Amino acid sequence: MELSIGLPDGLLLSAGDGSGLTLYEADHTTVRRRIDCAVLAGSRIADIVWSHKLSAVVVAVPDANQFFRWDPYTDVLQEYGGTGESGRRHGKIAQAKFAATVSITEGSDGRLWLVDRDSSSLRCIVVDTDRPDGDPHVVTVVGRHGAGFQDGPAADAKLDHPEDLQILYDGSVVVADTGNDALRHLDPDEGEVTTTYGGPEQDPEDFDDDAVVLSAPVRVTVADSNLWVEDANGRHLVEPRYV
């Protein structure tokens, strides 16, 4: 899958097949330059996001259990977060541990939301622009107690090897909970996790003939106010359903 994001000055940054980064002109076809990714040592890029608070691109590299940062002003890709050891440690980003971060996106408040597949967790990076260098630190919001399936307060809720997330228009978060065959929803203000579609105990007989029974969803997107999900059976338009 090709990954690309628009930058504030109209340029386009693309990760191509995940092996490198290329900066394009506004026409999205003319190559301005290819970014030196030697620091990745050949590790695959899973996702990229522009952080408005950092004024930089944050790159998720799951094989390295790390994040990298590309500053368009210095044109340098460098280590940004994670020790390189797999784990789920909170705190300052340089000392934090990640476990195969496969998706990252920015919320309207500047928080960077991410899913760690191997620690079955939904986490966020908080940046404080009033402090030097933003003082970024990592918070585990959902999945503090390992893999499983549990709704309720975020501190107690469980996911199972999620693969993707999406921020909705109201600022809430939808997660493609792959191992649970479900879409999960977090209301950050209420701190509650619910299952909006699917689940490990979903019964096809409970659905209409044209309803979707999710099987290992790997991607969730919002387009034209509609919720789309990709799973083992293709791409589907889904209507949230509580189970």
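Reader: Which residues lie nearest the centre of the largest pocket?
Author: Happy to start there. This is a predicted model, where local features need pLDDT of at least 70, side-chain atom pairs count only at pLDDT 80 or more, and totals for chains, interfaces and linings use all residues. Residues are numbered from 1 along each chain as its sequence is written, and side-chain values use heavy atoms, with hydrogens and water left out. A pocket is an open set of points on a 1 Å grid over the protein atoms alone, with protein on both sides within 12 Å along at least five of seven lines, and lining residues have an atom within 4 Å of a point. The lining has 29 residues, and those nearest the centre are L3, D47, I48, S103 and I104.

Reader: Which element gives the largest share of that lining?
Author: Strands are DSSP runs of E with at least two residues, numbered from the N terminus. Those giving two or more residues to the lining of the largest pocket are β1 (3-6), β5 (47-51), β10 (101-106), β15 (164-167) and β19 (219-223). The largest share, five residues, belongs to β10.

Reader: Which ring does the charged end of R235 sit over?
Author: A charge sits over a ring if NZ of Lys or CZ of Arg is within 6 Å of the ring centre and within 35 degrees of the ring normal. For R235 the distance to the centre is 4.3 Å, and the ring is that of W228.

Reader: Which strand gives the most to the lining of the largest cavity?
Author: A cavity is a set of grid points where a 1.4 Å probe fits but cannot get out. The lining here is made of L122, V142, L159, V175, R184, H185, L186 and V193. With three residues, the strand that gives the most is β17 (residues 182-187).

Definitions and conventions:
Helices (H or I, at least four residues) and strands (E, at least two) are DSSP runs, numbered from the N terminus.
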